[in-house]
Amino acid sequence: MIIDLHIHSKTCSDGNLSVEEIIEEAKTRNIKLMSITDHDAIGCQKQAKTLAQKNGIHYISGVELNITFSHPKFQNGKPASLDLLGYQFDINNKALTSKLQEIAEYREERAAKIIEKLNTEFEKEGLNKLTKNDLTEIQNSADGVLGRPHIADYLIRKKVVQNRQEAFNKYLVKCNVPKYPLYLEEASSLLRKAGGIAVLAHPNDPYGTSLITLTKSLQEQTGIIEDSMLSYLDGIECWHSRLDAETTSHYVNFSKKHGLIMTGGSDCHQKPIIMGTVKVPDFVAQQFIR
């Protein structure tokens with residue numbers, strides 16, 4: 001069985017395919033169990049479930065929440081950014097939808113502050129500053145939740161940079177503004193009270209938001225989870241396009257030890273399309289399909 005429980009859409013997040021196109025691609029790739037897990041947004045879930053079911057694909061509701069986490073023994077207690085996957089929640093839950101709306105509004109404010117910082121850098125380099133009209137265009141380009149990738153894409157269109165990597169390396173890391181401070185405890189509570197489960201995403205992702213920002217040691221990572229996170233987690237994402245075999249084995253053993261659900265997915269943003277390419281074991285589906 002082909003399983004992918006970590007996909008992002010253009011419709012509600014920072015992917016490059018719409019929900020309709022994702023479902024079509026999933027059917028072509030013979031994916032049998034899937035979830036679209038857009039960043040801090042669940043507006044596409046009803047449509048995704050309906051289309052998936054029409055195409056004979058088992059679908060579970062999904063979201064990826066960005067959370068703020070810190071541990072006193074690492075990084076001098078400074079907060080780090082992690083991602084928490086939520087599955088099987090009620091998409092109409094009022095507390096969850098209200099919080100996500102609050103986060104979306106904050107993202108708009110954050111984007112404006114990032115533009116201000118960018119303009120400071122542009123002034124130093126003799127480049128034209130971005131205006132309110134530019135900000136409006138960036139906002140309009142985001143079909144879903146507004147984020148730094150949308151600003152990066154706009155800088156590409158304005159020929160300020162050649163690609164997203166350059167945009168981040170040259171400007172967006174330096175000009176970053178902290179994300180909405182959603183903490184693990186609150187995020188987990190929101191998901192569980194909505195009937196869902198909380199799963200730590202890509203725990204050792206070398207290029208993403210993960211525990212690797214606190215420590216590269218797998219033993220220390222799982223020690224952090226045992227110390228401060230375990231009671232708020234229902235599972236771990238053990239299979240991911242950027243996790244190596246050693247990481248997967250370590251987290252599978254850790255999950256078995258603590259009776260945690262194990263999930264996996266490509267984290268596909270559709271450039272290139274890697275949907276369904278991560279080999280997730282069949283037993284993962286048995287945790288969701290009864």
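Me: Is C238 buried or exposed?
Reply: Buried. In this predicted model, C238 has a relative accessible area of 1%.

Me: And what about C175, buried or exposed?
Reply: C175 is buried as well, with a relative accessible area of 1%.

Me: OK, disulfides. How many turn up in the whole structure?
Reply: A search of the whole structure gives one disulfide.

Me: Which cysteines does the disulfide join?
Reply: C12 and C44, with an S to S distance of 1.9 Å. They sit in distant parts of the chain, 32 residues apart. C12 is in the loop between β1 (2-7) and α1 (19-28), while C44 is in the loop between β2 (31-36) and α2 (45-54).

Me: What's the handedness of the C12 and C44 link?
Reply: Right-handed, with 95° about the S-S bond.

Me: Are those two buried or exposed?
Reply: C12 is buried at a relative accessible area of 10%. C44 counts as buried too, at 3% relative accessibility.

Me: Let's move to α1. Which residues are buried there?
Reply: V19, I22, I23 and A26 are the buried ones in α1. Looking down the axis of α1, they fall within an arc of 95°, so they line one face of the helix.

Me: What do the buried residues of α1 pack against?
Reply: They pack against β1, β2 and α2.

Me: And which exposed residues are on the face turned away?
Reply: E24 and T28 are the exposed residues carried on the face of α1 turned away from its buried side.

Me: What follows α1?
Reply: N30 does, and its phi is positive, near 60°.

Me: Now α7. Which of its residues are buried?
Reply: Helix α7 runs over residues 184-193, and its buried residues are L184, A187, S188, L190 and L191. Around the axis they cover an arc of only 160°, which puts them on the same side of α7.

Me: Which residue just after α7 takes a positive phi?
Reply: G195, with a phi of about 85°.

Me: Which residues meet between α5 and α6?
Reply: From α5 you have R148, P149, I151, A152, D153, L155 and I156. From α6, they meet R164, A167, F168, Y171 and L172.

Me: How many of those are nonpolar, polar or charged?
Reply: By class, the contact of α5 with α6 has nine nonpolar and three charged residues, and no polar ones.

Me: Last one, I103. Where does I103 lie?
Reply: I103 lies in helix α3. I103 counts as buried, at 3% relative accessibility.

Me: What is I103 in contact with, leaving aside its neighbours within four places in sequence?
Reply: With those neighbours left out, I103 is in contact with D40, Y180 and L182.

Me: And what separates I103 from I115?
Reply: Their C-alpha atoms are 18 Å apart, and the two residues are twelve residues apart along the chain.

How values were computed
Residues numbered from 1 in each chain as written. Predicted model: local features only at pLDDT ≥ 70, side-chain atom pairs only at ≥ 80, totals over all residues. Heavy atoms only, no water. Disulfide = S-S within 2.5 Å. Helix = DSSP H or I, 4+ residues; strand = E, 2+ residues; numbered from the N terminus. Buried < 20%, exposed > 50% of the residue type's maximum accessible area, 1.4 Å probe, protein only. Arc of directions from axis to C-beta. Contact = heavy atoms within 4.5 Å. Nonpolar A, V, L, I, M, F, W, Y, C, P; charged D, E, K, R; others polar.
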